[in-house]
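Biologist: I've got the sequence and the fold open side by side. Could you walk me through a few spots?

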Amino acid sequence: MIEEEDVIIHFWQDIVDQALLAKASDIHIEPENGVSHVRLRVDGCLSHLRTSPAHWHERLSSRVKILARFDISEKRLPQDGQMLLSSSKSANFNNIDCRVSTLPTLHGEKIVLRVLSKQEGDLDINKIGLDQTQRKNLLHCLEQAQGMILVTGPTGSGKTQTLYSCLKYLMDGSRNITSIEDPVEIQLQGINQVPINEKAGLRFDVALRALMRQDPDVIMVGEIRDAVTAKIALQAAETGHLVLATLHANDAPSAIFRLKQLGCLHGDIANNISCITAQRLVRIFCTACVGNQTKTQAELCGACNGNGFHGRTAVHQVMRLSDQLRQLIENEAPLSTIQAQCHMEKISTLKESAQTLLAAGVSSENEIRRHIA
């Protein structure tokens, strides 16, 4: 029994070592009939890591649940929490925070770990993929005393890193900066970070109301999920605060209509939002492979395992609201009219921004098509 426990401990540590070395964003542990699979998501793509016997799965699940301080006897209901990961191979990967989620399935509990590996040193607004015009427009809005900046995109599109890079830019010691997050993904010195606790009743709207009595200058809302949070955030932007938030929308103009769906008034949207950005992450070519036409598939660099891609970059759309756009929003203009105005103001769409990657030869048309319609 003790020997098998040791085997499971070493097996788990080997998974962690390989995941951190590969810079995986997620670890999936999935039970099936007779086997258990481990897969890693690297640069947005899932790939198989290893398969183990089915009877190992429950022991591996228990190991993870103990480390995450879950109730190991509870197997019928989902559980969520956080834990730290450390590599036994490299000191560069110590105490890496990750979110842990369990889900009961037909053959056992599926476990997914989201690796929150970004460090404070990675945050630089000059290195998040903005072109010169996009950066100028975003910085102009960040330097205002009030207004709302929205960052939109699907899950896994890099919104959080963009928000943190904006916060890092604003951290000059002269501002009271507070974030409300679920969970806190990167700990930043110099700002107040409030973790959401739904079980205790600390929701985004509750925290945001309390924060308004804390004399804030800059407020970051991890995600606008409901009508109440959206309205309070807009009110905060109206009353002299700079508000940064994420919202799920296909592109920048679509975010306006998402806020309308949440019950926000056209005038409030037009008057209080200063900038809306949208983004996607796309894989870029492995620099060790590019140009090495004489190498066989087996000889291609280990960094990309021969698939030709290594790392990702963001593609952005930055829509700074002009007087004309504000007027269209207030007059309830349709999406097509707002898009046409963006075109007149030379605001690049996501697809147009992605063309620069193709022109520079750093990504492929198929890769871009996977993420940008």
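Biologist: Let's start with Q134. Which helix does Q134 lie in?

Modeller: Keep in mind that this is a predicted model. Q134 falls within residues 132-142, and that stretch is helix α3.

Biologist: And is Q134 buried or exposed?

Modeller: Look at who surrounds Q134 first: setting aside neighbours within four places in sequence, Q134 is in contact with G129, H316, Q317, V318 and S353. The cut-off for buried is under 20% relative accessible area. Q134 has a relative accessible area of 7%, so Q134 is buried.

Biologist: S353 belongs to α11. Which residues of α11 are buried, and on which side of α11 do they sit?

Modeller: The buried ones are L350, S353, A354 and L357. They span an arc of only 100 degrees around the axis, so they sit on the same side of α11. T356 and A359, by contrast, are exposed on the other side of α11. To give you the names again, the buried residues are L350, S353, A354 and L357.

Biologist: Now the second largest pocket. Which elements give two or more residues to its lining?

Modeller: That pocket holds about 290 Å³ of space. Its lining has 16 residues, and D251, Q317, Q339, T349 and L350 are the closest to the centre. By class, the lining is made of 6 nonpolar, 6 polar and 4 charged residues. The elements giving two or more residues are α10 (335-344) and α11 (350-360).

Biologist: Over to α9. Why do the buried residues of α9 end up on the same side?

Modeller: Helix α9 runs over residues 323-330, and its buried residues are L325, L328 and I329. Their cover includes α7 (252-261), α8 (266-272), β13 (309-320) and α10. They are on the same side of α9 because they cover an arc of only 100 degrees around the axis.

Biologist: How many of the residues of α7 are buried?

Modeller: The buried set is A252, P253, S254, A255, I256, L259 and K260. That makes α7 mostly covered, with the count at 7 of its 10 residues.

Biologist: L259 also shows up in the largest nonpolar core. Which helix gives the largest share of this core?

Modeller: The core has 40 residues, and M148, L150, I224, L259, I273, I276 and M319 touch the most other members. I224, for one, touches residues including M148, L150, A230, A233 and L262. The largest share, 6 residues, comes from helix α6.

Key: Residues numbered from 1 in each chain as written. Predicted model: local features only at pLDDT ≥ 70, side-chain atom pairs only at ≥ 80, totals over all residues. Heavy atoms only, no water. 1 Å grid on protein atoms, 1.4 Å probe; cavity = no way out; pocket = protein on both sides within 12 Å on 5 of 7 lines; lining within 4 Å. Points joined across faces, edges and corners; volume = space filled by probe spheres on them. Helix = DSSP H or I, 4+ residues; strand = E, 2+ residues; numbered from the N terminus. Nonpolar A, V, L, I, M, F, W, Y, C, P; charged D, E, K, R; others polar. Buried < 20%, exposed > 50% of the residue type's maximum accessible area, 1.4 Å probe, protein only. Arc of directions from axis to C-beta. Contact = heavy atoms within 4.5 Å. Core = buried A, V, L, I, M, F, W, Y, C linked by side-chain atoms within 4.5 Å.
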